[in-house]
Amino acid sequence: MRRWRGKIRSSIPFHVVDLTEILAIFGLVASLIYLLSFFGIAFVQSIVSSTDEDEDFLVGSSAAPAPAPAPCVLLGSADTVSEKMPQEDEEIVAAVVSGKIPSYVLETRLGDCRRAAGLRREAVRRITGRQIEGLPLDGFDYASILGQCCELPVGYVQLPVGIAGPLLLDGQRFYVPMATTEGCLVASTNRGCKAIAESGGATSVVLRDAMTRAPVARFPTARRSAELKAFLEDPANFDTLSVVFNRSSRFGRLQGVQCAMAGRNIYMRFSCSTGDAMGMNMISKGVQNVLDYLQDDFPDMDVISISGNFCADKKPAAVNWIEGRGKSVVCEAVIKEETVKKVLKTNVQSLVELNVIKNLAGSAIAGALGGFNAHASNIVSAIFIATGQDPAQNVESSQCITMLEAVNDGKDLHISVTMPSIEK
């Protein structure tokens with residue numbers, strides 16, 4: 001630069017440069033390129049990538065002409081009066097149908113969840129050749145479920161919710177929401193609530209409150225698996241395991257570990273309290289902490305899965321029926337003789353006999369696992385759906401044994417339900 005300033009002062013032309021000046025110019029250009037690549041690469045890439053995405057997302061005019069798409073019918077059937085979509089939407093649907101655009105990216109790229117659901121719905125119609133009838137599209141906030149609880153939405157299901165009650169339980173009155181399409185379910189539940197209330201109410205006892213998670217691990221030999229089993233079930237090690245487990249949550253507290261073996265595979269059933277939460281994520285994190293801790297003393301342990309189906313989650317299992325999972329509960333009530341006749345339209349002796357022959361003996365003949373009841377699953381499922389619980393966990397939550405006995409010289413009816421694995 002000093003040489004150039006000297007040339008300016010002495011009026012020497014710039015085009016006359018020597019080797020030193022050529023190297024200086026080369027160094028200056030190299031420095032500028034380096035700075036641009038270091039600080040400006042992200043900006044340049046963002047421009048280039050956004051341009052490429054736009055070209056991929058909206059079928060360009062240079063692309064090969066596609067066959068004319070069928071008219072869009074987002075709502076209603078083909079027999080109704082339909083309106084054509086905007087040309088831009090037609091191109092997007094055609095790209096989804098052809099596979100150029102993955103359906104799952106519509107919400108992100110469009111920035112409009114309702115529009116994305118409508119376009120996906122139309123793409124499904126064109127691919128399958130079937131109308132989506134009876135499934136509403138409008139009237140739902142699709143943004144509320146984005147990344148939360150349902151992917152690739154094309155509509156929503158409407159379920160009626162009824163209210164049964166009041167249910168007089170432990171001295172308090174409760175109204176029970178039930179989402180169902182089964183006729184008479186809410187009515188029969190409401191009639192039961194009335195019979196209980198007229199007889200002074202029901203009482204409940206929580207026998208146990210512990211969610212479970214059972215990882216499965218494999219060792220080179222069964223002897224090594226047995227050594228881990230002995231370590232986990234040794235009371236002297238429980239305090240250490242609790243400290244490691246409890247680091248994952250303010251509410252999750254380890255209660256115990258029960259192990260089972262199948263050859264050299266070991267299944268470790270961890271039980272823990274989870275506060276007011278159902279707690280599956282909570283206990284899974286705690287279990288992972290313990291597995292990481294055990295790896296130091298058992299380096300040959302090969303963890304196969306964080307859940308080895310010894311939990312057991314969303315499957316009927318004897319371990320839940322015997323040991324419990326979630327909340328283990330017993331509820332009871334004494335229904336007066338006049339209430340049995342007036343509200344239930346029967347008598348005490350007939351109900352006791354029916355329960356023995358149907359709910360107990362009939363279920364035993366069927367080889368039922370926790371199904372010694374009339375239809376606990378109906379009520380549990382309806383409540384779970386109405387309150388946003390996972391309806392799949394109705395499988396173990398509906399395990400129930402119903403007991404009916406005549407009391408007070410055979411005049412009144414003692415009824416109880418024992419449910420060892422209510423998950424909520």
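**View 1. The largest nonpolar core has 25 residues.** Those with the most contacts inside it are Leu 228, Leu 232, Phe 245, Met 268, Phe 270, Leu 294 and Met 301. At least two residues of this core come from each of α7, α8 (238-246), β5, β6 and α9. The largest share, 6 residues, is supplied by α9. A nonpolar core is a set of buried Ala, Val, Leu, Ile, Met, Phe, Trp, Tyr and Cys residues joined through side-chain atoms within 4.5 Å. Buried means under 20% relative accessible area, exposed over 50%, and partly exposed in between (1.4 Å probe, protein chains only). Helices (H or I, at least four residues) and strands (E, at least two) are DSSP runs, numbered from the N terminus. The model is predicted: local features need pLDDT of at least 70, side-chain atom pairs count only at pLDDT 80 or more, and totals for chains, interfaces and linings use all residues. Residues are numbered from 1 along each chain as its sequence is written, and side-chain values use heavy atoms, with hydrogens and water left out.

**View 2. Strand β3 (residues 203-213) pairs with β8 and with β6.** Two strands pair if DSSP finds at least two bridges between them. β3 and β8 (residues 326-335) run antiparallel and are joined by 7 bridges. Here Val 206 stands opposite Val 329. Between β3 and β6 (residues 265-273) there are 3 bridges, again in the antiparallel sense. Met 211 faces Cys 272 of β6.

**View 3. β5 and β6 form a hairpin with 2 residues between the strands.** Strand β5 (residues 253-262) pairs with β6 over 9 bridges in the antiparallel sense. The bridge partner of Leu 254 in β6 is Cys 272. Within the hairpin, Gly 263 takes a positive phi near 65 degrees.

**View 4. Phe 140, Tyr 142 and Tyr 156 form one aromatic cluster.** The structure holds 6 aromatic pairs. Phe 140 and Tyr 156 are stacked, because their ring centres lie 5.3 Å apart and their planes meet at 20 degrees. Rings of Phe, Tyr and Trp (its six-membered ring) pair if their centres lie within 6.5 Å; planes under 30 degrees apart count as stacked, over 60 as edge-to-face and the rest as tilted. Both residues lie in the loop between α5 and β1, so the pair ties together parts 16 residues apart in sequence. Phe 140 is partly exposed at 35% relative accessibility. Tyr 156 is buried at 17%.

**View 5. Phe 219 and Phe 298 make an edge-to-face aromatic pair.** The centres are 6.1 Å apart, with 80 degrees between the planes. Phe 219 sits in the loop between β4 (216-218) and α7 (222-233), and Phe 298 in the loop between α9 (280-297) and β7 (302-305). They are 79 residues apart. Phe 219 is buried, with a relative accessible area of 1%. Phe 298 is also buried, at 7%.

**View 6. Two cis peptide bonds and two positive phi values.** Most residues other than glycine have a negative phi, and most peptide bonds are trans. The bond from Gly 165 to Pro 166 is cis, with omega near 10 degrees. Pro 166 is found in strand β1. The bond from Cys 311 to Ala 312 is also cis, with omega near -10 degrees. Asn 309, in the loop between β7 and α10, has a positive phi of about 70 degrees. For Asn 408, phi is positive at about 55 degrees.
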